[in-house]
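This briefing covers selected local features of one protein–ligand model. Please consult the sequence and the structure below while reading.

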Amino acid sequence: MRTVFTPLHALHAPATEFFRGERVPCFEKVDRARYVHEALVARGHRVDAPEVDSRAVLPQVHGERYLAFLESAWARWLALAPATPERQPCPPTRPIRTLRADCEPAEFSAQVGVFCMDSGTPSCAGTWAAAQAGADAAATAARWVSQGERAAFVATRPPGHHAGPDFMGGYCFLNNAAVAAQALRNAGAARVAVLDVDYHHGNGTQAIFYERADVAFVSLHGDPRTEFPFFLGHADETGAGAGRGHNLNLPLPAGTDAQSWFQALAHGLAHIRQSHAQALVVSLGLDTFENDPISKFRLRSDDFLRLGERIAALGLPTVFVLEGGYAVDALGLNAVNVLEGFEAQAAV
Ligand code: SP5
Ligand code: ZN
């Protein structure tokens, strides 16, 4: 499969994240993309650098003020506090209910409260450059697919699906899957479907397209009653306005095994078949793997071959975008298994 990768991902390399009141080594680490890239090369997949500038697409999926915040964030943080490996922007206040999220404070750390959903998304000097390169990679794969490639894979980090219209969170800054979907729309696909199979609900992608009829969103994920991101991803979220009926959430209990997971996948795929989508974006989180350190589904490496087969059977031009997956040693194998399952089925 044609794949896109850039070593610029390594510019995003914060040392620690904040978890249960202490600093722990980041789960979302540089080695993730390195191992996926190595597996792609080892298995003979074609790997190219990004060749599309995503700057035309970014304002179609993110707000201009959020993008300006993100681009300038590290310089403004340094002006406030000297850099140390572990020091991270941390908001003094967030605009929770009754506080006004529409009044953007002038103070940088207060802006973090407006533009970041959680306390577990560390950044560093290279975060913006890495995130931009990842969005460029997503736009590149979308171009290839819109020009006739059956499928393409974006081996990128940081991931994107928790990044909403105007906020970061969940290790995500720019929503690569939304960039790919929007780029496919811009290239002429009348309707696009996004299938999100990451363990965590893709709240950012859902929010970006929630009131749109041209991009359907289907997600299988850990039930938000117990799993991150907690505050979105319930089954009763079905879309609003023009988007009514175009959002499908399939929350599953922690501990779900492959058999139950694939039953839910069949529901999701049936919804996509009925959506009249002309192209597909897959938010490919691999944190559904049984040995993932922060997630609780029980898929095995061979199950990722099946996943690729089921997706290929939709018969749609497909962009795969890497999202989560923190069992780093197995990440390369699990990623190429999806791609090779897809290719085997697509060849039938
Ligand atoms: C893209 C993606 O997969 N983002 C996930 C963000 C999850 N952030 C919360 C991490 C909480 C870690 N829980 C660890 C439990 C270890 N026992
Ligand atoms: Zn995840």
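Predicted model: local features only at pLDDT ≥ 70, side-chain atom pairs only at ≥ 80, totals over all residues.

Which residue of strand 3 does Thr16 stand opposite? The residue facing Thr16 is Pro25.

**Strand 2 and strand 3**

- Strand 2 spans residues 16–19 and strand 3 spans residues 22–25; the two run antiparallel and are joined by 4 bridges.
- These strands form a hairpin with 2 residues between them.
- Within this hairpin, Arg20 adopts a positive phi near 50°.

- His162 places a polar side-chain atom 3.3 Å from a nitrogen atom of ligand 1.
- Gly170 contributes through its backbone: one of its polar backbone atoms is 3.0 Å from a nitrogen atom of the ligand.
- For Tyr326, an N or O atom in the side chain is 2.5 Å from an oxygen atom of ligand 1.
- Ligand 1 taken alone exposes 510 Å², and 79% of that area is buried by the protein.

**The loop between strand 5 and helix 6**

- Strand 5 covers residues 151–154 and helix 6 covers residues 176–186; Pro158 is located in the loop between them.
- The peptide bond joining Arg157 to Pro158 is cis, with omega about -5°.
- Tyr171 also belongs to the loop between strand 5 and helix 6.
- Although Tyr171 is not a glycine, its phi is positive, at about 75°.

**The loop between strand 7 and strand 8**

- Which residue is joined to Pro229 by a cis peptide bond? The partner is Phe228, and omega of this bond is about 10°.
- Pro229 lies in the loop that runs between strand 7 (215–222) and strand 8 (247–252).

**Points to inspect in the viewer**

- At the ligand, the contacts to view include the side chain of His162, the backbone of Gly170 and the side chain of Tyr326.

Key. Residues numbered from 1 in each chain as written. Chains lettered and ligands numbered in written order. Heavy atoms only, no water. Pairing = 2+ DSSP bridges. Polar contact = N/O pair within 3.5 Å; in protein donor to acceptor, adjacent residues only side chain to side chain. Areas by Shrake-Rupley, 256 points an atom, 1.4 Å probe, with all protein chains shown as cover.
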